[in-house]
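Hi everyone, thanks for making time for this. Please have a look at it first.

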Amino acid sequence: MHHRTVLSVFPLFFLILCVVTYGGEREALLEFKASVSDPAGVLSDWGAAAGHCSWRGVYCDARGRVVAVNISSDTGGQPAACTRSFPFVRRCHGEGRGLAGKLSPSIGKLSNLRVLSLPFHSFYGEIPVQVWGIEKLEVFDLEGNLLVGTLPSRFPRQLRVLNLASNLITGEIPFSLSRCVHLEVLDLSRNRLCGSLPSFLDNFRKLNKLLLSSNHLENSIPDDICGACSTLEHLDLSGNSLIGIIPRSLGNCSNLRSLLLFSNLLHGVIPSDLGHLKMLRALDVSRNNLRGQFLKSLATARN
(Lines give C-alpha, C1' and ligand atoms only; values in the text may rest on other atoms or scores of the structure.)
Protein backbone atom coordinates (compact mmCIF):
# COMPACT_ATOMS: atom_id res chain seq x y z
CA MET A 1 0.00 0.00 0.00
CA HIS A 2 2.83 2.36 0.92
CA HIS A 3 4.60 1.55 -2.38
CA ARG A 4 1.51 2.49 -4.43
CA THR A 5 1.14 5.74 -2.50
CA VAL A 6 4.71 6.75 -3.34
CA LEU A 7 4.17 5.99 -7.05
CA SER A 8 0.99 8.04 -7.17
CA VAL A 9 2.60 11.00 -5.42
CA PHE A 10 5.70 11.09 -7.65
CA PRO A 11 3.96 12.30 -10.88
CA LEU A 12 2.27 15.07 -8.88
CA PHE A 13 5.61 16.12 -7.38
CA PHE A 14 7.21 16.12 -10.85
CA LEU A 15 4.36 18.24 -12.24
CA ILE A 16 4.72 20.79 -9.41
CA LEU A 17 8.49 20.91 -9.98
CA CYS A 18 8.00 21.59 -13.69
CA VAL A 19 5.46 24.34 -13.04
CA VAL A 20 7.81 26.04 -10.56
CA THR A 21 10.83 25.70 -12.88
CA TYR A 22 9.20 26.78 -16.14
CA GLY A 23 7.11 29.42 -14.40
CA GLY A 24 10.33 30.82 -13.02
CA GLU A 25 11.79 31.01 -16.52
CA ARG A 26 8.70 32.83 -17.79
CA GLU A 27 8.97 35.32 -14.94
CA ALA A 28 12.68 35.81 -15.64
CA LEU A 29 11.90 36.66 -19.26
CA LEU A 30 9.19 39.10 -18.21
CA GLU A 31 11.63 40.73 -15.78
CA PHE A 32 14.04 41.16 -18.68
CA LYS A 33 11.30 42.72 -20.82
CA ALA A 34 10.30 45.11 -18.02
CA SER A 35 13.90 46.33 -17.67
CA VAL A 36 14.32 47.51 -21.28
CA SER A 37 12.95 50.16 -23.60
CA ASP A 38 11.38 48.61 -26.71
CA PRO A 39 10.26 51.38 -29.12
CA ALA A 40 9.88 49.03 -32.09
CA GLY A 41 7.85 46.44 -30.19
CA VAL A 42 10.38 43.68 -30.72
CA LEU A 43 9.07 41.95 -27.58
CA SER A 44 5.41 42.78 -28.21
CA ASP A 45 4.26 39.16 -27.95
CA TRP A 46 6.12 38.50 -24.69
CA GLY A 47 3.50 38.04 -21.99
CA ALA A 48 0.88 36.58 -24.29
CA ALA A 49 -1.33 33.80 -22.96
CA ALA A 50 0.59 31.31 -25.09
CA GLY A 51 3.58 29.62 -23.48
CA HIS A 52 6.83 31.56 -23.39
CA CYS A 53 8.42 29.02 -25.73
CA SER A 54 6.33 30.56 -28.53
CA TRP A 55 7.54 34.12 -27.89
CA ARG A 56 9.69 35.79 -30.52
CA GLY A 57 13.38 35.02 -30.04
CA VAL A 58 12.81 32.40 -27.31
CA TYR A 59 13.68 28.78 -28.02
CA CYS A 60 13.02 25.78 -25.77
CA ASP A 61 14.05 22.14 -25.72
CA ALA A 62 11.67 19.18 -25.84
CA ARG A 63 11.06 19.50 -22.11
CA GLY A 64 10.07 23.16 -22.35
CA ARG A 65 13.24 24.61 -20.85
CA VAL A 66 14.60 27.84 -22.36
CA VAL A 67 17.85 27.05 -24.18
CA ALA A 68 18.23 30.13 -26.40
CA VAL A 69 17.34 33.82 -26.42
CA ASN A 70 18.22 35.22 -29.84
CA ILE A 71 17.04 38.75 -30.54
CA SER A 72 18.96 40.89 -33.01
CA SER A 73 18.13 44.54 -33.64
CA ASP A 74 16.48 43.59 -36.95
CA THR A 75 14.03 41.12 -35.37
CA GLY A 76 11.18 43.62 -35.46
CA GLY A 77 9.13 44.81 -38.39
CA GLN A 78 11.60 47.56 -39.34
CA PRO A 79 14.97 45.88 -39.82
CA ALA A 80 18.15 47.81 -39.27
CA ALA A 81 20.33 48.32 -42.33
CA CYS A 82 23.21 45.90 -41.98
CA THR A 83 26.26 45.46 -44.18
CA ARG A 84 28.95 42.79 -44.00
CA SER A 85 32.44 43.43 -45.28
CA PHE A 86 35.11 40.83 -45.97
CA PRO A 87 35.69 38.63 -44.22
CA PHE A 88 33.62 38.90 -41.05
CA VAL A 89 32.80 42.46 -40.01
CA ARG A 90 29.11 43.29 -39.73
CA ARG A 91 27.89 46.84 -39.23
CA CYS A 92 24.29 47.89 -38.58
CA HIS A 93 22.67 51.29 -38.72
CA GLY A 94 19.23 51.28 -37.16
CA GLU A 95 19.33 53.42 -34.06
CA GLY A 96 16.13 53.42 -32.06
CA ARG A 97 14.85 50.17 -33.55
CA GLY A 98 16.29 47.80 -30.99
CA LEU A 99 16.20 47.33 -27.25
CA ALA A 100 17.80 49.73 -24.79
CA GLY A 101 18.59 49.57 -21.12
CA LYS A 102 20.77 47.72 -18.66
CA LEU A 103 21.13 43.99 -19.11
CA SER A 104 18.89 42.44 -16.46
CA PRO A 105 20.41 39.99 -13.94
CA SER A 106 17.19 37.96 -14.35
CA ILE A 107 18.74 36.30 -17.40
CA GLY A 108 20.95 34.43 -14.96
CA LYS A 109 17.86 32.52 -13.79
CA LEU A 110 17.71 30.72 -17.16
CA SER A 111 19.99 27.95 -15.95
CA ASN A 112 19.62 25.83 -19.12
CA LEU A 113 20.46 28.67 -21.48
CA ARG A 114 22.97 27.74 -24.17
CA VAL A 115 22.64 30.72 -26.52
CA LEU A 116 22.33 34.38 -25.52
CA SER A 117 22.44 36.54 -28.63
CA LEU A 118 21.47 40.21 -28.31
CA PRO A 119 23.62 41.99 -30.94
CA PHE A 120 23.27 45.56 -32.19
CA HIS A 121 20.96 46.96 -29.53
CA SER A 122 21.65 49.75 -27.05
CA PHE A 123 22.36 47.86 -23.85
CA TYR A 124 24.61 49.85 -21.53
CA GLY A 125 26.26 49.40 -18.17
CA GLU A 126 28.14 46.32 -17.04
CA ILE A 127 27.31 42.71 -17.84
CA PRO A 128 25.74 41.27 -14.65
CA VAL A 129 27.77 38.64 -12.85
CA GLN A 130 24.63 36.45 -12.85
CA VAL A 131 24.83 36.21 -16.65
CA TRP A 132 28.46 35.10 -16.55
CA GLY A 133 27.36 32.42 -14.08
CA ILE A 134 25.21 30.49 -16.58
CA GLU A 135 27.30 27.32 -16.70
CA LYS A 136 25.70 25.80 -19.83
CA LEU A 137 26.18 28.92 -21.96
CA GLU A 138 27.86 28.13 -25.30
CA VAL A 139 27.17 31.21 -27.44
CA PHE A 140 27.42 34.69 -25.91
CA ASP A 141 26.91 37.45 -28.50
CA LEU A 142 26.45 41.06 -27.37
CA GLU A 143 28.20 42.73 -30.30
CA GLY A 144 27.42 46.34 -31.10
CA ASN A 145 26.05 47.59 -27.78
CA LEU A 146 27.30 50.18 -25.26
CA LEU A 147 28.53 47.84 -22.55
CA VAL A 148 31.28 48.94 -20.16
CA GLY A 149 33.33 47.40 -17.40
CA THR A 150 35.95 44.67 -17.49
CA LEU A 151 35.87 41.01 -18.43
CA PRO A 152 34.97 38.67 -15.54
CA SER A 153 37.15 36.54 -13.29
CA ARG A 154 35.01 33.54 -14.23
CA PHE A 155 33.61 32.40 -17.59
CA PRO A 156 31.22 29.54 -18.44
CA ARG A 157 33.44 26.58 -19.32
CA GLN A 158 31.30 25.48 -22.29
CA LEU A 159 31.67 28.72 -24.27
CA ARG A 160 32.17 28.17 -28.01
CA VAL A 161 31.47 31.73 -29.17
CA LEU A 162 32.34 34.88 -27.21
CA ASN A 163 31.50 38.00 -29.19
CA LEU A 164 31.65 41.34 -27.40
CA ALA A 165 32.88 43.34 -30.39
CA SER A 166 32.06 47.04 -30.70
CA ASN A 167 31.44 47.85 -27.05
CA LEU A 168 33.33 49.87 -24.44
CA ILE A 169 34.99 47.03 -22.50
CA THR A 170 38.21 48.02 -20.69
CA GLY A 171 41.02 46.27 -18.83
CA GLU A 172 43.10 43.26 -19.79
CA ILE A 173 42.08 39.89 -21.21
CA PRO A 174 41.96 37.84 -17.99
CA PHE A 175 43.61 34.47 -17.41
CA SER A 176 40.18 33.14 -16.41
CA LEU A 177 39.33 32.92 -20.12
CA SER A 178 41.87 30.11 -20.48
CA ARG A 179 39.35 27.65 -18.96
CA CYS A 180 37.16 27.97 -22.09
CA VAL A 181 39.03 25.34 -24.07
CA HIS A 182 36.08 24.81 -26.45
CA LEU A 183 36.25 28.32 -27.91
CA GLU A 184 35.75 28.51 -31.67
CA VAL A 185 35.18 32.26 -32.02
CA LEU A 186 36.75 34.95 -29.83
CA ASP A 187 35.80 38.45 -30.99
CA LEU A 188 36.73 41.29 -28.65
CA SER A 189 37.53 43.76 -31.40
CA ARG A 190 36.69 47.46 -31.29
CA ASN A 191 36.78 47.85 -27.51
CA ARG A 192 39.25 49.52 -25.11
CA LEU A 193 41.23 46.51 -23.96
CA CYS A 194 44.82 47.02 -22.86
CA GLY A 195 47.81 44.96 -21.79
CA SER A 196 49.55 42.17 -23.67
CA LEU A 197 48.18 39.42 -25.84
CA PRO A 198 47.55 36.53 -23.41
CA SER A 199 50.01 33.66 -23.45
CA PHE A 200 47.25 31.04 -23.19
CA LEU A 201 45.77 31.55 -26.67
CA ASP A 202 47.42 28.35 -27.87
CA ASN A 203 45.17 26.43 -25.44
CA PHE A 204 42.20 26.95 -27.75
CA ARG A 205 42.58 23.92 -30.02
CA LYS A 206 39.26 24.54 -31.83
CA LEU A 207 39.67 28.27 -32.45
CA ASN A 208 38.47 29.42 -35.88
CA LYS A 209 38.38 33.21 -35.48
CA LEU A 210 40.60 35.31 -33.23
CA LEU A 211 39.59 38.96 -33.63
CA LEU A 212 41.17 41.52 -31.31
CA SER A 213 41.49 44.54 -33.60
CA SER A 214 41.08 48.21 -32.64
CA ASN A 215 42.01 47.98 -28.97
CA HIS A 216 45.01 49.25 -26.99
CA LEU A 217 46.98 46.01 -26.85
CA GLU A 218 50.74 46.34 -26.45
CA ASN A 219 54.01 44.38 -26.50
CA SER A 220 54.87 41.61 -28.95
CA ILE A 221 52.88 38.86 -30.61
CA PRO A 222 53.70 35.60 -28.75
CA ASP A 223 55.60 33.03 -30.80
CA ASP A 224 53.13 30.38 -29.71
CA ILE A 225 49.98 32.44 -30.37
CA CYS A 226 48.98 29.72 -32.79
CA GLY A 227 50.56 26.73 -31.12
CA ALA A 228 47.69 24.54 -32.32
CA CYS A 229 46.44 26.65 -35.20
CA SER A 230 45.27 24.00 -37.67
CA THR A 231 41.69 25.21 -37.23
CA LEU A 232 42.39 28.97 -37.32
CA GLU A 233 41.01 30.74 -40.40
CA HIS A 234 40.87 34.41 -39.43
CA LEU A 235 43.38 36.34 -37.32
CA ASP A 236 42.92 40.09 -36.89
CA LEU A 237 45.22 42.00 -34.53
CA SER A 238 45.13 45.26 -36.48
CA GLY A 239 44.79 48.71 -34.95
CA ASN A 240 46.72 48.09 -31.74
CA SER A 241 50.20 49.06 -30.48
CA LEU A 242 51.92 45.72 -30.95
CA ILE A 243 55.71 45.75 -31.31
CA GLY A 244 58.36 43.21 -32.28
CA ILE A 245 58.42 40.97 -35.32
CA ILE A 246 55.78 38.93 -37.11
CA PRO A 247 56.14 35.38 -35.68
CA ARG A 248 57.34 32.73 -38.11
CA SER A 249 54.96 30.29 -36.41
CA LEU A 250 52.03 31.89 -38.26
CA GLY A 251 53.23 29.99 -41.30
CA ASN A 252 52.04 26.79 -39.59
CA CYS A 253 48.40 27.92 -39.68
CA SER A 254 47.66 26.02 -42.85
CA ASN A 255 43.98 26.99 -43.04
CA LEU A 256 44.49 30.70 -42.44
CA ARG A 257 42.34 32.74 -44.85
CA SER A 258 42.87 36.24 -43.52
CA LEU A 259 45.82 37.70 -41.63
CA LEU A 260 45.37 41.35 -40.66
CA LEU A 261 48.20 42.99 -38.72
CA PHE A 262 48.03 46.54 -40.10
CA SER A 263 48.34 49.72 -38.02
CA ASN A 264 50.70 48.44 -35.35
CA LEU A 265 54.38 49.07 -34.52
CA LEU A 266 55.80 45.83 -35.93
CA HIS A 267 59.29 45.84 -37.41
CA GLY A 268 61.63 43.48 -39.24
CA VAL A 269 60.80 41.55 -42.39
CA ILE A 270 57.75 39.61 -43.51
CA PRO A 271 58.77 36.03 -42.63
CA SER A 272 59.12 33.70 -45.58
CA ASP A 273 57.08 31.12 -43.63
CA LEU A 274 53.92 33.02 -44.59
CA GLY A 275 54.48 31.70 -48.09
CA HIS A 276 53.19 28.34 -46.81
CA LEU A 277 49.69 29.75 -46.35
CA LYS A 278 48.07 28.35 -49.49
CA MET A 279 44.51 29.19 -48.37
CA LEU A 280 45.23 32.88 -47.69
CA ARG A 281 42.75 35.34 -49.20
CA ALA A 282 43.71 38.55 -47.41
CA LEU A 283 47.05 39.74 -46.03
CA ASP A 284 47.43 43.28 -44.70
CA VAL A 285 50.60 44.28 -42.85
CA SER A 286 50.55 47.92 -43.90
CA ARG A 287 51.22 50.88 -41.59
CA ASN A 288 53.99 49.19 -39.61
CA ASN A 289 57.78 49.58 -39.67
CA LEU A 290 58.53 46.58 -41.88
CA ARG A 291 61.46 46.40 -44.28
CA GLY A 292 62.84 44.09 -46.94
CA GLN A 293 61.21 42.56 -49.99
CA PHE A 294 57.70 41.31 -50.39
CA LEU A 295 57.30 37.53 -50.47
CA LYS A 296 57.46 36.01 -53.94
CA SER A 297 56.37 32.72 -52.37
CA LEU A 298 52.89 34.18 -51.79
CA ALA A 299 52.27 33.70 -55.50
CA THR A 300 51.26 30.13 -54.61
CA ALA A 301 48.33 31.45 -52.57
CA ARG A 302 45.78 31.09 -55.37
CA ASN A 303 42.90 32.80 -53.55
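Let's start with sulfur: Cys-53 and Cys-60 form a disulfide, with 2.0 Å between their sulfur atoms. By disulfide I mean a pair of cysteine sulfur atoms within 2.5 Å. A search of the whole structure finds one such link. The angle about the S-S bond is -95 degrees, and the link of Cys-53 and Cys-60 is left-handed.

Before I go on, two housekeeping notes. This is a predicted model, where local features need pLDDT of at least 70 and side-chain atom pairs count only at pLDDT 80 or more, while totals for chains, interfaces and linings use all residues. Residues are numbered from 1 along each chain as its sequence is written, and side-chain values use heavy atoms, with hydrogens and water left out.

So how accessible are the cysteines? I call a residue buried under 20% relative accessible area, exposed over 50%, and partly exposed in between, using a 1.4 Å probe and protein chains only. Cys-53 is partly exposed at 33% relative accessibility, and Cys-60 is partly exposed at 23%. Of two further cysteines, Cys-180 is buried, with a relative accessible area of 0%, while Cys-194 is partly exposed at 31%.

Now the strands. Helices (H or I, at least four residues) and strands (E, at least two) are DSSP runs, numbered from the N terminus, and two strands pair if DSSP finds at least two bridges between them. Strands of a sheet pair through backbone hydrogen bonds, either parallel or antiparallel.

What is the strand order in the open sheet of three strands? It reads E5-E7-E9, with parallel pairing. Strand E5 (100-102) and strand E9 (146-148) stand at the edges with a single partner strand each, so one side of each has no neighbour in the sheet. From one strand to the next, the twist averages 10 degrees; for angles like this, axes are lines fitted to C-alpha atoms, for helices over the stretch in contact, and angles run from 0 to 180 degrees between N-to-C directions. Strand E7 (residues 122-126) pairs with E9 over three bridges in the parallel sense, and Tyr-124 sits opposite Leu-146 in E9.

Gly-195 has Leu-217 in E15 as its bridge partner. E15 is also joined by three bridges to strand E17 (residues 241-243), again running parallel, and there Asn-219 stands opposite Leu-242 in E17.

Last topic: aromatics. Rings of Phe, Tyr and Trp (its six-membered ring) pair if their centres lie within 6.5 Å; planes under 30 degrees apart count as stacked, over 60 as edge-to-face and the rest as tilted. That rule gives seven aromatic pairs. Trp-132 and Phe-140 have ring centres 4.8 Å apart and planes at 90 degrees, so this pair is edge-to-face. Both Trp-132 and Phe-140 are buried.

Phe-175 and Phe-200 also form an edge-to-face pair, at 5.6 Å centre to centre and 85 degrees between the planes. Phe-175 lies in the loop between strand E11 (170-171) and strand E12 (185-187), and Phe-200 in the loop between E13 and strand E14 (209-211), so the pair ties together parts 25 residues apart in sequence. Phe-175 is exposed at 61% relative accessible area, whereas Phe-200 is buried at 6%.

Finally, ring pairs link Phe-32, Trp-46, Trp-55 and Phe-123 into a cluster.
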